[in-house]
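Biologist: I am new to this structure and would like to learn how to read it. Could you walk me through a few features?

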Amino acid sequence: MTEHQPGIFVEGTDHHVFLEFELGAAVPSQLPAAAGALLPWDGGEQVVAFGPRLAEALSAVAAPDGDFGFRAIEGSDGHVAPATQRDLFVWLHGAKRDELFAQALKWREALAPVAALAAEDHGFLFRDSRDLTGFVDGTANPKGDVRQQAALVPRGPGAGGSFVLAQRWVHDLSAFASLATAQQERVIGRTKADSVELTGAAMPPDSHVSRTDLKRGGEPLRIYRRSSPAGGIADAGLFFLAFSAEVERFRILLGSMFGPADDGLRDRLLSWSRPISGSFYFAPPADALRAAFSA
Ligand code: HEM
C-alpha cells in the first residue's frame, strides 16, 4: 500500500491547531511550491487534506468517491448539522504550542497565493484525555492495526489515503453540569469516573454510545477518532476529528446521531452540544501529498 500520512496515527500529543482554508476564484491543479517546503516538519506532526473540488482538480491526487462534500443535516427536534465545506485542512499537533503556532503562520503565508484562512481552532489535552463534559473520549477507539483498517482506503483510487470529518462542536457546559452524574452517564452511555460502558436496561437506546456503536452487514462500522477539546470559556467544546476508509461511514453515524433514524431516535448528546461547522476532506497518501505542491 502507498504510505499514509504518518501524523494521522501519532497519539498522545498535548496541543493541536486546526486550520481550514478556502480557495480564491481559481481551483489549481498544483499548489504553491512554498507550501511544499513545509513538508516534512520536525516540530511535531501534521496532516494535510483536501476538500472535494481541490482533491478533484489536483493532478497528483487520486480521490475516490466523487463529490464527497459535507451536506447539512436537518435532524429530529430541530437539531441541525451545518455544512461549512472548505477546500484545504491542516492539522498540526505536538508537544509545543509555540512551534505549532509558528508552523500555522507559515502555512497561512505559503497558501496565501491560492487560499485564505477561513477557520482556525486551537485544541488541548484536557486531564486524562477527557472531553470538557468530563468524560473520557477515545475509550472504544480502534487500537493497533485495526486503526489503519478503520482509517485508510484499502485499495483502488486513493489507496493509503483517508477521509476526514472536521466538525467543531460547542457545548452548553452549565446545562450539562446541572445534570446529576447518573443522568450525564445516560447521555454518554459510559460511567464518568472510569469510562465503563453501561449495559442492559441501564443503557438508553439514545445514549451517544448506542447511537454510534453501529454495525453494517454484521461488521462493526469503524472510524478512527482524533478529537480534542477546543475553544475558550465562551465557546468551549470539541473539535471532532475522525478518519475513515469511506466517507459513507461518517454519513451513517451522523444520520444515527441526528435522526430521524429507522428507530425514530436521535442522540441525547445533541441536547447539550451542537456543531457549528462541518467539512469532509480527503488526506491523500504521503507521496501524492508531496507531489500536489510544485517543486
Ligand atoms: C460533542 C460531540 C461529541 C462528544 C463530546 C463525543 C464524546 C464521546 C464519548 C465521551 C464517547 C465514549 C468514549 C469513547 O469510546 O470514546 C464517544 C464514543 C464515540 N463517538 Fe463520540 N462524541 C461526539 C461526537 C461524535 C461524532 C460527531 C461522531 C461520529 C460522526 C462520534 C462517534 C463516536 C463513536 C464511533 C464512538 C464509539 C462508540 C463505541 O463503539 O462504543 N462522536 N464519543
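Modeller: Gladly! Keep in mind that this is a predicted model. Let's begin with one side chain: Phe176 has a relative accessible area of 3%, so this residue is buried.

Biologist: Is Trp272 buried or exposed?

Modeller: Buried means under 20% relative accessible area. Trp272 comes out at 19%, so Trp272 counts as buried.

Biologist: And how do I read aromatic pairs? How many does a search of the whole structure find?

Modeller: Rings pair if their centres lie within 6.5 Å, and planes over 60 degrees apart count as edge-to-face. The search of the whole structure finds 13 aromatic pairs. One of them joins Trp169 and Phe258, with 6.1 Å from centre to centre and 40 degrees between the planes, a tilted pair. It links distant parts of the chain, since Trp169 sits in strand 7 and Phe258 in helix 8, 89 residues apart. Both Trp169 and Phe258 are buried. Phe176 and Trp272 also form a pair, this one edge-to-face, at 6.2 Å centre to centre and 75 degrees between the planes. Here Phe176 belongs to helix 5 and Trp272 to the loop between helix 8 and strand 13, 96 residues apart.

Biologist: Which residues form one aromatic cluster?

Modeller: Phe18, Phe89, Phe239 and Tyr281 do.

Key
Residues numbered from 1 in each chain as written. Predicted model: local features only at pLDDT ≥ 70, side-chain atom pairs only at ≥ 80, totals over all residues. Heavy atoms only, no water. Phe/Tyr/Trp six-rings, centres within 6.5 Å; stacked < 30°, edge-to-face > 60°. Helix = DSSP H or I, 4+ residues; strand = E, 2+ residues; numbered from the N terminus. Buried < 20%, exposed > 50% of the residue type's maximum accessible area, 1.4 Å probe, protein only.
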